[in-house]
Amino acid sequence: MKAYIYRTGTVLSPFGDDVADAQVLNQSLAECQRRACRATGLSWERIDRPDQATEFPCLLVPDRLYFSVKALTDFLAQARKHPDREACLALARCTSTDYALPLQDVRRLDWDGADPRVAYDLWLVRRGPLPADPAEVRTALADRCQPLTVPMREIDIPVRLPVLDQQARSYKFPITSTVCCDVSHWTHLLWLAHLSFGIGWLEHLRTHKVKSALSLLGALARRGVDKWKILADLNVVGRGCDIHPTAYLEASILADGVQVGAGACIRNSIIGPDVIVSDHARVINSVVGQGCQLTENYFLLHSLCYPGSILGNPKTQMAVIGRDVFLSGWTSLLDAKFVGDVQVVHQGRPASSERSFLACCIGHRAVLGARVLIHAGREIPNDLMMVSRPEDVISRVPADLPPHTPVVPEGGTLVPLSGRRHRDE
Amino acid sequence: MGDPVSEVQVGAEELGPAVIRALATAGFEPRLGRPGEPVDDCLVLPDRVFVTAAMVRAFVMACPPSPGVYRLRLPHGPLADWTGPLAGVDRSPAGLAFDLFLVRGPGPNGASFADLRERLVKWAEPVEVAPGGRIEPLHLSRPGPPRHCLDLPRAERLIADVSHWVHLVWLNQLLPWARLAEHWRARPLVDAMISRLARDPVDGRVRRNRIGQGCDIHPTAWVEGSVLGDGVTLGPFVSVRDSILGDSVELTEHTRVKRCCVGKGCRSLPDSTFIGCTFYPGSSLASFMLRDSLIGRRSFLTSGLVMWPEGIDQTIQVEVDGQERDTGRWVLGSAAGHGCTLGTLGPRAVLAPGRALPNGCVLAMRPEDGILKAPDRVDAGRPHVCAGGRAVLVGEALPDWRPPETEDLQADPGALP
């Protein structure tokens, strides 16, 4: 069978990239789709219009739909039980479907009923004709293709959130490899990056069953049943990696040529080739693209980094960082909203992200050199260069500053505090 | 700082004694010259030139045995690039000529040192000495692509002309490795044994630490490639790499020190990070991140001060004799003199790269930048802003302002970014 991936013309803001180039699991979304097709034995073809599909039966998928290998495998297995039926992929509502659901253009079936499901635009079509306009595919096929619910398993890990409005809050973090997502906003990339931990690990375990079992047995033999010690032993480390003995790795996947400095910590993350994690940098639950450089003491948490960035601000949390970005030591990305949810711009209009904790998205090649704060949910456009305002930078130090007398910044230089007060008075 | 150059801090000691020790190790009897005195059969150098014993030995070996005046020339390369900018050396396509002369046979004399130097330079034949050692790439925090690197020379043969505070910073970043190499060169048997026992290069660097007497090191602390003086105290999770700590230095928990020279009796406050810095003795030090900077004697550095070390779109300039001169470096912090108290400058203010604060400088924040007076009454749940040194309700201080932390974009699409 053949999978046809049709263009939707979706462009992700603020990057301006075609959605097929979006970064998922350290590769492009198009590559993720091709990989899933290859793994399930499907040939694939990228087409400009849905009606260019010529071989039937076939899979018809928009270029902006992410589907994991496991989701596609299980969908095809279900479809084989109904050889004459046309179908679309559906997942029963659960923690992982809800995790990335906000802003997705998907159908919510029986949402308030007993069997709530999310139906995605992954269609198994057995005959033509198909519409030429991608926007009409759903209208044309929704009645013909009944939702086929894919069985799924997930582990939910409760995570506590900071107290807001005097209420202790928490959410569930899902670990599963059965994931679909309609990628139409940068927040979807972020949430897919969060889910990448489960997807990456479970796919790795499935494709390296013997090796993984031996690793686990080895870890058990060496470390006993202490879960932390076992997790510290369960890492995938690529060729040519240089890892300092004081660095700590836990449940992470490192590609080839990664350098990890002294005291660095990488947990539950996926690190691309040739990344430099400098001394005492920490990377937790994040996906870091090829060739990124995380400078000393940098803290990256729950974030996605496109390739080639040099990052050095004190802490980046819940953010998407574009390609070849430079983040200097004192840029702060705010990631919390005190009242209501963080709002983002989606299709030109404000929309709720349904999250209280979410940072921003920084466009490709942006250089943030100033000591600035970027508010939650904002998009920084490509190629923006932010520098400090002159009054914020002490660039002239007078040679005749009086010793042991407090001086304060003013107009880019230092002036005695006492004289300034007098003048103000 | 106003100190004589022979008293500047090199490693955990002063430059004068450090050079005298190097010359003595290389087989010379150091002596302070007098104007008008002839310089026959001797090594001549001004007090501002720092040199290691290995470099002196290599220079003397490279000089021809015939009578004459010979001048050390460092070929262009990582060491020349590292310590050369702004240095008082003679530059040529072949390299940097330092004021280190070897006089074989009768030499000139001069009415003054300047006169003597002029004659020595005139008579001298350059002798090239390569620093040897190896190169370690330092990845810079600088916008890419491509990724930017600086070559850090790891050599035992060092020479530097110390005529600006930046030279102290740069020289002290190279010294820990050179000092350890000198130490273990004098103990070849133990060094060979360590090489056999070491599991990997990092383990080898850990085994080659020099730890002074009476040090108190927490079991979770990590020391690698470093020289610790007597009575050093390292707290939990402290990391010391490629550094020299003077006697009685105390680093409290979670302090990270890399390529630094910390003077006697300095104390760090918890969770501080210093990279490539030089600290004179007796200071109290705290910083979230301080890079490539110099802090004078008995100073207090607080975490709130940001010494910005990055040149975003141009290399960093420093003041030399009242004029801005380019260092050619993209990463360089600042310097503070002796007896400074360096508090926070305010919520956004930073010290630009390459600045020098004079002795006794006391940095403070403008009163209106912080909350000096707590509000008498608080409206719970209503947002406040800092205005005129007080916490004031947003509606009173800024009637038209919608704070993004509480804004509702759907209710007010005009506020869209």
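1. On the basis of the note: the model is predicted, with local features needing pLDDT of at least 70, side-chain atom pairs counting only at pLDDT 80 or more, and totals for chains, interfaces and linings using all residues. Residues are numbered from 1 along each chain as its sequence is written, chains are lettered from A and ligands numbered from 1 in the order in which they are written, and side-chain values use heavy atoms, with hydrogens and water left out.

2. On the sheet: ten strands, running in the order β43(A)-β42(A)-β35(B)-β32(B)-β28(B)-β25(B)-β22(B)-β19(B)-β16(B)-β13(B), form an open sheet with mixed pairing. Strands here are DSSP runs of E with at least two residues, helices are runs of H or I with at least four, and both are numbered from the N terminus; two strands pair if DSSP finds at least two bridges between them. The edges are β43 (413–416) of chain A and β13 (216–217) of chain B, each of which pairs on one side only.

3. On one pairing within that sheet: strand β16 (residues 233–234) of chain B runs parallel to strand β19 (residues 250–251) of chain B, and two bridges join them. Thr233(B) has Glu250(B) in β19(B) as its bridge partner.

4. One joins Arg64(A) to Asp182(A) at 3.0 Å, N to O, and links the loop between β7 (58–62) and β8 (65–67) of chain A with strand β15 (residues 180–182) of chain A, the two residues being 118 residues apart. Both Arg64(A) and Asp182(A) are buried, where buried means under 20% relative accessible area, exposed over 50%, and partly exposed in between (1.4 Å probe, protein chains only).

5. On a second pair in chain A: Arg138(A) and Asp121(A) also meet in a salt bridge (3.0 Å, N to O). Because Arg138(A) lies in helix α4 (residues 137–141) and Asp121(A) in strand β11 (residues 117–125) of chain A, the pair ties together parts 17 residues apart in sequence. Asp121(A) counts as buried because its relative accessibility is 12%.

6. On chain B: Asp90(B) forms a salt bridge with Arg117(B), with the closest N and O atoms 3.6 Å apart. Asp90(B) is partly exposed at 32% relative accessible area, and Arg117(B) is partly exposed at 30%. A network of salt bridges links Arg48(B), Arg71(B), Asp90(B), Asp99(B), Arg117(B) and Asp161(B).

Methods:
Salt bridge = Lys/Arg side-chain N within 4 Å of Asp/Glu carboxyl O.
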